[in-house]
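Student: I would be grateful for a close look at a single part of this model, namely the surroundings of the ligand. Please treat it as one connected account.

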Amino acid sequence: MSHSTKDALLAWVLRACAVAAGLIVVLIVVFLCLEAAPALRNAGWARFFTDPSWHPNRRAADGTFNLTPMLWGTFFAMTGAVLVATPLGVLSAAFLHFYAPKGLAVYYRRLIELLAGIPSVVYGFWGLVTLVPLINRVHPPGASLLAGIAILSIMILPTIALMADAALANVPRAYLHGAAALGLSRWGTLRGVVLPAARSGLFTGVILETGRAIGETMAILMVCGNVVQTPRSLFDPIRTLTANIALEMAYAMGDHRSALFVSGLMLMGQIVLLVAAAEYIGRGRVHG
Amino acid sequence: MADARAARAADAAAAALVWSSAVLVTGVFAWVLFDLVRLGAGQIDWAFLTGEPEDFGRGGGIGTILVSTGLILGVCMAVAAPLGLGTAVLLAEFTPDGSLLGLLVRRSLDVLAGVPSIVFGLFGNAFFCVYLGMGFSILSGGLTSACMVLPILIRSTEEGFRSVPDEYRMGAAALGMSRAAALRHILLPAASPGLVVGLTLGIGRALAETAALIFTSGYVARMPESLFDSGRALSLHIYDLSMNVSGGDPRACATALVLVALLLAINGSASWMAERWLHRKVSEA
Amino acid sequence: MSDAPAYLKTEALSLRYGGKQALEEIALEVPRGEITALIGPSGCGKTSLLSCLNRLTDLVPGARVTGRVWVGGKDIFAPGTDLPALRRRIGMIFQRPNPFPLSIRRNLELPLREHGIAERARLDETVEKALRDVGLWDEVKDRLHAPALRLSGGQQQRLCLARALALEPEALLMDEPCSALDPLAGGVVEDLIASLRGRYTILIVTHNLAQARRIAGRAALLWWKEHGGRLIEEGPTRQIFEAPRDELTAAYVQGRRG
Ligand SMILES: Nc1ncnc2c1ncn2[C@@H]1O[C@H](COP(=O)(O)OP(=O)(O)OP(=O)(O)O)[C@@H](O)[C@H]1O
Ligand SMILES: [Mg+2]
């Protein structure tokens, strides 16, 4: 084979790989839609929000399909976790760059990387055997929104901490020297110069952690109690969209199964929006 | 004067806040590890690592589970590695900045990286298990995980190629070598650290996965006889023991400890290799 | 221009990087078997000109070449040009020595194999001859399996030269081949290049005017004007250095500008 035919062949093989890899997302969306179609046809979008309850049935006409309690569950758990994890993550990054002695920073960063690699099912298990009984003593039943928020915060903390770490590392040294020359204190520098300069990187980090919080399944499933209800306090058990899928997929049939794919489609929609937002902010950073 | 004092107080308060959050994070991590070791370490011995689960997992070991997990990882990597390598080479070596194909593929991988694992589970169930007729099997689970780890794998491999100096490409071209030959003999070896790091991170990610496997590789804890058998992954074993088997906690904890130890080793070596060879930090973020 | 027939010839050769013009309307003839020095201030387009001559510009995203280039009488931008064959006929030596991260022997063998030479005896013979040509054989014959990157800078550059010579090229393009080396190693490489006169057509970029006078029979001055690098003057080295026709040339060779 001549050089140029070999090169052309290689280019085609590589293109085929890339197209295949790129099409996975499309395939996912297509199959979610295909599987969700029966429920959407037999029940329609509106019933997922207006039905009196979530008592799905294999025939849409015989069941009720209200997903709103689960949507609220996801929303509260996600919001709580983001509110807890974001400050902790940003402060962790500040610690790495401005407060920790050099030797310690290395270890702390390593620690956060390790935290990032621990699987959610392990956190969930730990929550189940340690955290839930603890909360139960304060306010039964223990398996609750609060437990979910706590575990979810630990889960997403490494994401925001590592993103914030990268964002702070990108702040030009000149800014710091400028701030030092003006006699700003460490906190003054951080609040007045560094955090604003790292803003877009921090936003991207928050968006990514939000995505993880929405999509997290196992940890939440194991500590939240999984009662289908809109929570009225932190101590109420909740069920999230993801947990709902994991719990019911095993036996769901017909329109019930299809309804679970509808909730998968909702999750997918949220993630696409978040990625688009991250992209938008990221682009803003490139152009200043 | 008062202003200066206030600023100094704020500075001290901020320092206290920063330090206490670092201590809090470290503390929580230590707490989790401590609990796992306290509850699980005593049960781990050779028999546990090699035995078959008995009494729904309350007794016996995790030997068959380890085998299933290994097979799922094997399928996952056998598919993801070539596909990821090809895509990474295309993105790093054959796509000029701003090419439409490159742009689309990158965008799509960004989304793929954010897809929740439970959605992978739904997709894997609908596509591999039902549509392609593979049923609940190690094959379905491995293929689903392959889709999941592709973005990490590609990103890392692509970085490996980008860290190869242009001089090699120019030198090879100036000697009249084809791009295929330059790639095979020079660029690929030089970029292999990125590939290895990517593979390691990918294995870590697949090993940590649970939600995507529940409805694809299934629950069966027996020794799998072929890739078409259902096989229970380590993470799923932990879930099942702690949620569905009363009295399963001790074994669940021991399994969790094994899983965490494996992951620490895998991710630790990935970041060690990345810092040593690629001079960069890795993260799953 | 010159008595010997030109081996490399350009006509109205222009080069743009994206929106930026780097070379404008270059008409240069490099005679066969002669060493021609390409001189000029930094950034005037010398490297760019070299990379047009073996179409290495193809690898640079956004680079666009217009005009024509003949190598040994063949238009290299004609459609259907066999690039590997072209690049085999024209060796290139870069400013920074760029041996591949392979063993010394593999560095030489890999391109040979690429060009269809696979017979063991023939490979060994060619490798040895090329290494002898650059005076490296005695230094490395006992460690041909050692990584090439462990050689010194001067040895690496000679290895790169050997790698190019092994392909039996007709011309060599050299981009400041001595500038990244210490004076001693640079001297060795320079002597080596001088010894190649007559056997190869050589176009060598250098900032070292004394070197250009020592080794080159002809010299060409490139200069950055409003629309990219232009060829200011070309002629026998003697004439360029002692009786330049252009004012810029006079200023440059006397060190008054550039
Ligand atoms: N890949 C590229 N993309 C865009 N512009 C380039 C590229 N390579 C070179 N240039 C520009 O083209 C002009 C000529 O560059 P070139 O490297 O050919 O100069 P040179 O004469 O070799 O300089 P030096 O003596 O410093 O090596 C410069 O202005 C340079 O900035
Ligand atoms: Mg140059």
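Tutor: A polar contact is taken here as a pair of N or O atoms within 3.5 Å. The model is predicted, and the distances below are computed from it. With that cut-off in mind, consider C:Gly43, where a polar backbone atom stands 2.8 Å from an oxygen atom of ligand 1. The side chain of C:Lys20 takes part as well, with an N or O atom 2.6 Å from an oxygen atom of the ligand.

The wider shell can now be described. Ligand 1 is surrounded by 13 residues, and the closest of them are C:Lys20, C:Gly43, C:Lys46, C:Thr47 and C:Ser48. Sorted by class, the shell comprises six polar, four nonpolar and three charged residues. As for secondary structure, at least two shell residues come from each of β2 (20-26) and α1 (46-53) in chain C. The largest share belongs to α1(C), which supplies three residues.

Helix α8, spanning residues 209-215 of chain C, contains C:Ala210. The relative accessible area of C:Ala210 is 39%, so this residue is classed as partly exposed. Between C:Ala210 and C:Val253 there is a separation of 43 residues in sequence, while their C-alpha atoms are 9.7 Å apart in space.

Terms used
Residues numbered from 1 in each chain as written. Chains lettered and ligands numbered in written order. Predicted model: local features only at pLDDT ≥ 70, side-chain atom pairs only at ≥ 80, totals over all residues. Heavy atoms only, no water. Near = heavy atom within 4 Å. Polar contact = N/O pair within 3.5 Å; in protein donor to acceptor, adjacent residues only side chain to side chain. Helix = DSSP H or I, 4+ residues; strand = E, 2+ residues; numbered from the N terminus. Nonpolar A, V, L, I, M, F, W, Y, C, P; charged D, E, K, R; others polar. Buried < 20%, exposed > 50% of the residue type's maximum accessible area, 1.4 Å probe, protein only.
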